[in-house]
Number of protein chains: 2
Amino acid sequence: MGSRTPENSDLKKERRTCTFNPLELTVFLDGGRKKTKERRDIEKYFLSDPELNDPVPMDFLSHKEKYEETVRKACVVYKKLKEMRKGTGSIDISRENIITSVIHSILKDGDPFSLNNVMMIPVIIGQATPRQQAMWLQRTINYEIIGTYAQTELGHGTFIRGLETTAHYDPTTQEFILNSPTLTSYKWWPGGLGQTTNYAIVVAQLYTQGVYRGIHLFMVQLRNEETHEPLPGIKIGEIGTKLGMNNVNNGFLGFENVHIPREHMLMKYSKVLEDGSYIKSTNEKLAYGGMTFVRVSILKVVSTLLAKACTIAIRYSAVRRQSEMKPGEPEPQILDYRTQQYKLFPYLAASFALKFTGKWLLNICTEVFSELEEGKLERLPELHALSCCLKAVCTTEAAQGAETCRLACGGHGYMMCSNLPSLYGLITAACTYEGENTVLLLQTARYLMKAWQQAVGGMAMTPTVAYLKQAVSGSNGTPCWEGSTACIVSAFQQVAARKVKHSADIMGQRIQEGVSPEDAWNMTSVELVQCAEAHGRAILVERFVAAVAELNVSVALKTVLAQLRDLYTIYTLLRNSGDFLMYTEMTPLDYCNLQNRMETLLSELRPNAVGIVDGFDFHDDIIASTLGSWDGQVYDRLFAAASKSPLNQDTVNESFHKYLKPMLKSGL
Amino acid sequence: MGSRTPENSDLKKERRTCTFNPLELTVFLDGGRKKTKERRDIEKYFLSDPELNDPVPMDFLSHKEKYEETVRKACVVYKKLKEMRKGTGSIDISRENIITSVIHSILKDGDPFSLNNVMMIPVIIGQATPRQQAMWLQRTINYEIIGTYAQTELGHGTFIRGLETTAHYDPTTQEFILNSPTLTSYKWWPGGLGQTTNYAIVVAQLYTQGVYRGIHLFMVQLRNEETHEPLPGIKIGEIGTKLGMNNVNNGFLGFENVHIPREHMLMKYSKVLEDGSYIKSTNEKLAYGGMTFVRVSILKVVSTLLAKACTIAIRYSAVRRQSEMKPGEPEPQILDYRTQQYKLFPYLAASFALKFTGKWLLNICTEVFSELEEGKLERLPELHALSCCLKAVCTTEAAQGAETCRLACGGHGYMMCSNLPSLYGLITAACTYEGENTVLLLQTARYLMKAWQQAVGGMAMTPTVAYLKQAVSGSNGTPCWEGSTACIVSAFQQVAARKVKHSADIMGQRIQEGVSPEDAWNMTSVELVQCAEAHGRAILVERFVAAVAELNVSVALKTVLAQLRDLYTIYTLLRNSGDFLMYTEMTPLDYCNLQNRMETLLSELRPNAVGIVDGFDFHDDIIASTLGSWDGQVYDRLFAAASKSPLNQDTVNESFHKYLKPMLKSGL
């Protein structure tokens with residue numbers, strides 16, 4: 001999948017000495033030979049279009065130019081998507097996932113059309129009546145109209161009950177009247193909302209018959225389909241520049257007496273009748289499935305972004321030579337420095353941990369959702385707790401990883417053309433969106449506190465918290481510290497269980513001392529967050545171990561994946577060594593042995609590092625990095641990228657004559 | 001120092017209940033009432049100039065427009081600087097420091113003129129002969145010419161012996177001939193080099209009489225002073241967009257047989273005579289003083305940037321309300337959440353730790369440099385070791401702090417108008433420039449390994465490593481775990497000493513097993529980095545304790561600063577709890593007691609958090625944040641900032657008619 005320029009000799013050597021076949025890893029990650037071919041064909045279909053080349057690299061453009069260029073490219077892409085669908089006739093979900101991922105890679109710093117696919121369509125499917133679906137679904141799938149999802153407000157984020165936008169029902173006209181009563185009630189953040197979308201699902205507080213009815217969803221047309229002018233009463237614009245995702249066209253939206261027909265409230269569950277009577281949903285939780293699904297999907301997204309960052313940093317580290325290890329010898333590849341391996345390989349391993357766990361969680365999610373359709377709700381709380389803490393732990397870990405990769409590339413990692421700053425921008429955004437991480441961890445902590453009470457009470461436990469039972473008895477399970485995989489998994493669970501117990505104990509103590517439960521919760525929240533994190537880490541470690549145990553691949557590949565598993569588990573343990581010294585039988589000597597083992601693993605992985613990232617099989621146009629392309633021609637690419645700077649098109653910039661020369665010539 | 005818009009009522013309340021006088025803190029930080037007045041006057045002198053207002057916020061501009069606008073503003077600023085100097089007649093260093101800091105705040109995302117002050121002038125003073133100084137010094141001080149410092153190359157960073165640029169002396173013409181023999185030898189990164197500067201100090205490998213003479217510095221004219229055209233043989237341009245500092249105009253520079261006069265080699269120490277004879281400097285170390293000084297200055301720079309980030313996050317957290325703590329009650333200020341306090345207050349404390357340590361290190365630096373002038377070199381290695389590990393530890397800590405502040409502001413922290421992304425961009429750059437952090441930590445580790453041998457050998461120790469002696473005997477000094485300040489300082493030293501011992505032990509063991517010393521060093525480098533970090537942390541903690549002990553302020557202020565000291569030391573200890581459980585007598589119970597103490601400190605600091613950041617006395621135009629201004633009118637400012645987006649000037653962007661409508665209308 002490489003480009004055709006000659007391969008850097010260091011990378012060539014790395015590839016020659018790799019002990020496994022990277023293509024086997026590629027096929028394994030894609031899920032089969034056919035899937036690999038399908039993905040590559042789709043990539044080729046899109047990436048071979050010359051209209052998708054940037055005339056000038058996007059980073060040099062103004063904010064407005066970036067938007068316009070993004071819309072141009074997005075229209076090329078989505079037209080090709082329409083063509084493609086025309087050819088196949090129907091929509092294949094797994095194929096759509098590949099396509100979405102390719103589109104996101106092409107529209108690197110965000111896609112103003114994407115919320116139409118990611119939120120609008122799923123929400124219509126999940127929340128609209130069949131009659132409503134008939135009105136809107138096909139039009140959004142066809143991209144005849146383009147929608148977004150407007151929930152967050154200027155003054156209100158993760159806590160959706162605090163939203164201020166109102167929808168009052170008027171039975172005389174059979175319309176809802178939407179209003180933004182305050183500045184803080186303006187919708188703020190929805191992707192594509194600024195200048196792109198013409199429809200939105202709007203989340204608002206419903207009032208009918210003078211009674212408050214809670215949060216509901218409304219389909220609102222924002223702009224005239226022919227002229228794109230905002231409709232009367234719609235105040236709309238974009239919110240400005242951001243750390244990353246600058247092509248998403250995040251927008252704001254205010255309502256001034258905007259009238260919409262009664263049929264535009266999404267009524268699959270709750271309903272408002274013509275006279276304003278309100279029929280409450282039999283189960284409110286059904287409305288929140290969509291958010292859980294998006295949260296679960298984030299694991300896969302950030303695992304892929306982290307894998308890209310690792311690919312860039314590892315290839316660059318194989319090409320870059322610096323300092324001297326032994327006097328008189330040539331400068332070594334920086335990948336030979338133990339400190340560089342220690343920075344990069346654990347996060348390379350983490351990208352697999354996130355990938356395996358993400359896949360497992362998605363399976364659970366699919367199961368639970370199909371149970372929901374049958375009215376079974378039992379597993380929903382567990383899924384919710386899992387999705388909250390895993391989203392938080394995985395995005396944090398991926399963000400740290402991407403930033404570590406960037407810093408490991410020195411000054412060149414600071415350049416936009418390395419693509420590392422953008423990858424970090426994309427990942428770190430996920431620490432905040434779809435539920436701010438700390439808030440999510442506290443939601444999982446609430447579940448863990450309930451689970452702890454169940455464990456203490458000897459009640460039946462859901463599978464992912466069953467390990468808490470051990471800690472109730474006060475016994476520590478198997479006190480083995482030989483460092484086996486099984487022993488490490490149980491140590492992670494023991495740490496999580498003891499932290500849960502500790503939090504429950506001090507909270508209980510505070511309540512006994514007369515503190516209100518709410519204040520006790522807040523006072524204990526630092527520990528509660530930490531116990532949810534420990535729970536998340538225990539699951540990640542367990543899932544990595546389980547995934548490697550189930551592998552059906554060659555011995556050569558399995559050996560490498562087992563090394564990555566061991567590195568991930570041991571590295572994570574050592575980084576949290578305080579917990580293990582506090583809550584397990586681990587001794588300082590065990591710690592030193594694990595440190596040795598970890599360093600051996602770094603050596604063992606060294607010869608295969610380039611092979612592993614080659615196995616990710618990222619197309620050069622998707623990696624989009626001067627430092628990370630397949631051929632490793634780092635310096636030529638850096639120079640070529642700089643040459644494209646508009647500032648370099650003239651030998652003298654006009655600011656010299658206008659400003660600089662007069663300043664230099666002005667006397668003291 | 002606030003703006004004149006009405007103050008947000010929550011902030012008003014915070015200010016009313018503050019238990020100390022923020023102005024006292026301001027005066028203390030400035031170093032006296034007069035200094036505060038002087039600083040405020042200088043700020044007013046610059047900031048009141050209407051020519052410094054941005055017609056359009058810089059973030060919306062293209063890369064080229066940003067450069068041109070920056071040069072415009074920089075010329076306004078530096079003309080004012082010339083005016084100011086005209087008024088005073090002479091240059092006052094402390095006043096210049098204030099001015100530099102104000103200028104950096106005005107030219108937020110980098111100043112293309114600054115290397116003239118930061119590197120060019122000091123290098124001329126430090127490395128040029130009196131005759132050379134007469135040629136260039138006054139012209140650079142007067143900004144008649146404008147210079148940069150060209151050391152780093154495309155393929156060569158921290159390891160300066162690896163530089164490839166050559167300077168061959170030709171005695172027939174008495175000139176040096178500069179060349180860039182490879183692509184990787186192109187100078188890459190110097191600030192202002194792209195389109196701004198017309199002179200540079202160039203670092204190159206010297207050859208005379210056919211013999212290699214090592215690295216030397218050369219004054220090179222790059223551009224014609226009248227036309228600004230690059231001189232013959234000079235290949236010059238800018239390197240492109242970056243994560244931050246996009247207005248610095250970082251450039252590249254190649255030489256093709258560029259001839260410069262013999263007098264243009266800086267010859268204060270080493271010399272080349274007319275016939276090409278080379279006279280070596282009696283002490284090569286004298287040439288490196290400048291880099292140490294810049295490294296030391298970074299502590300102050302990042303401490304100030306971190307203080308800005310804390311100011312923004314804490315004011316915003318006092319204004320932002322979210323979720324509910326108790327059913328039915330209004331949404332609380334997010335600053336009341338313990339988890340928010342836990343994110344922000346330790347870094348608020350860290351900004352003081354960095355400030356106190358930076359001041360102490362600068363004093364040592366000044367002392368050592370004046371000893372150097374007298375030919376005394378004894379303290380140079382200790383200063384070098386200190387500057388390396390403290391630069392690394394402080395920049396890493398400040399970067400984590402700024403990013404934690406950003407994330408603690410949720411989605412709004414992701415917006416450029418919060419100024420948090422830029423602050424992070426400025427700080428994280430310092431993790432790489434002036435010596436990459438890992439490389440620097442390994443330099444300190446080398447010093448610590450030597451110091452350890454001295455301690456084992458019972459030799460005299462330099463003051464900052466004297467604590468290693470304790471660990472030699474194997475005794476642990478005072479095994480007190482009552483959590484007193486003195487006990488904690490000695491525990492930090494004990495951890496560092498034990499880590500030094502551990503690294504020395506395993507390295508020795510490896511060498512005994514037949515590994516070469518160089519390989520053993522590399523194999524042990526993860527531990528070596530960690531022992532240098534532990535040493536740096538021990539110094540930060542000790543300096544904070546010492547600074548608070550010496551305070552001459554009111555009881556009210558001292559109480560607050562002592563709380564910050566305790567929070568910093570305990571938080572840092574808890575974050576590294578594994579080390580303390582491994583290497584000191586700290587027990588799990590001690591850990592829990594310290595955790596309680598930390599939480600109490602968070603409560604105690606809560607009422608004064610806004611007062612403390614008010615005490616930093618950042619002018620609103622210097623904070624430059626929609627979230628962090630004095631009045632706390634967060635939402636109005638966010639909305640006003642968005643309204644300035646060029647995309648919001650038209651109701652319909654032209655891309656709708658050009659691209660979007662045709663795509664929407666194209667059939668499936």
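This is a predicted model: local features need pLDDT of at least 70, side-chain atom pairs count only at pLDDT 80 or more; totals for chains, interfaces and linings use all residues.
Residues are numbered from 1 along each chain as its sequence is written, and chains are lettered from A in the order in which they are written. Local features need pLDDT of at least 70, side-chain atom pairs count only at pLDDT 80 or more, and totals for chains, interfaces and linings use all residues, while side-chain values use heavy atoms, with hydrogens and water left out.

In total, 141 residues of chain A are in contact with 142 residues of chain B. Contact means heavy atoms within 4.5 Å. About 12100 Å² is buried between the two chains, and carbon and sulfur atoms give 62% of that area. Buried area is the accessible area (1.4 Å probe) that two parts lose on being put together, summed over both. The interface of chain A and chain B holds 60 residue pairs in polar contact, both residues being at pLDDT 80 or more. A polar contact is a pair of N or O atoms within 3.5 Å; within protein, one must be able to donate a hydrogen and the other to accept it, and residues adjacent in sequence count only if both atoms are side-chain atoms. On the side of chain A that touches chain B, helix α4 (residues 63-88) gives the most, with 13 residues. Helices (H or I, at least four residues) and strands (E, at least two) are DSSP runs, numbered from the N terminus. By class, that side of chain A has 57 nonpolar, 46 polar and 38 charged residues. Here Ala, Val, Leu, Ile, Met, Phe, Trp, Tyr, Cys and Pro count as nonpolar, Asp, Glu, Lys and Arg as charged, and the others, Gly among them, as polar.

Salt bridges were assigned by a distance rule: a side-chain nitrogen of Lys or Arg within 4 Å of a carboxyl oxygen of Asp or Glu. Side chains of opposite charge can pair when their charged atoms come close. The count over all chains is 78 salt bridges. Across the interface of chain A and chain B the rule finds 12. One of these joins B:E436 to A:K343, at 3.4 Å from N to O.

Other salt bridges lie within a chain. A:R139 and A:E225 meet at 2.7 Å, N to O. A:R139 lies in helix α7 (residues 130-141) and A:E225 in the loop between β6 (211-221) and β7 (234-238) of chain A, so the pair ties together parts that are 86 residues apart in sequence. A:R139 is partly exposed, at 26% relative accessible area, whereas A:E225 is buried, at 18%. Buried means under 20% relative accessible area, exposed over 50%, and partly exposed in between (1.4 Å probe, protein chains only).

In chain B, B:K235 pairs with B:E256, with the closest N and O atoms 2.9 Å apart. B:K235 sits in strand β7 (residues 234-238) and B:E256 in the loop between β8 (251-255) and β9 (258-261), 21 residues apart. Both ends are partly exposed: B:K235 has a relative accessible area of 34%, and B:E256 has 47%. B:R379 and B:E371 also form a salt bridge, their closest N and O atoms being 2.9 Å apart. B:R379 is partly exposed, at 28%, and B:E371 is buried, at 16%. In chain A, salt bridges that share partners join A:D30, A:R39, A:R40, A:E43 and A:D617 into one network.

B:T148 lies in strand β1 (residues 147-150) and has a relative accessible area of 0%. B:N419 is in the loop between α11 (410-413) and α12 (420-429). Its relative accessible area is 8%, and B:N419 is buried. Leaving aside neighbours within four places in sequence, B:N419 is in contact with B:I312, B:I622, B:I623, B:A624 and B:S625.

Backbone angles were also considered. Most residues other than glycine have a negative phi. A:Q174 has a positive phi, near 55°. This residue, A:Q174, lies in the loop between β2 (166-170) and β3 (175-179) of chain A and is partly exposed, at 27% relative accessibility. A:N249 also has a positive phi, near 60°. A:N249 is found in the loop between β7 and β8 (251-255) of chain A and is buried, at 2% relative accessibility.
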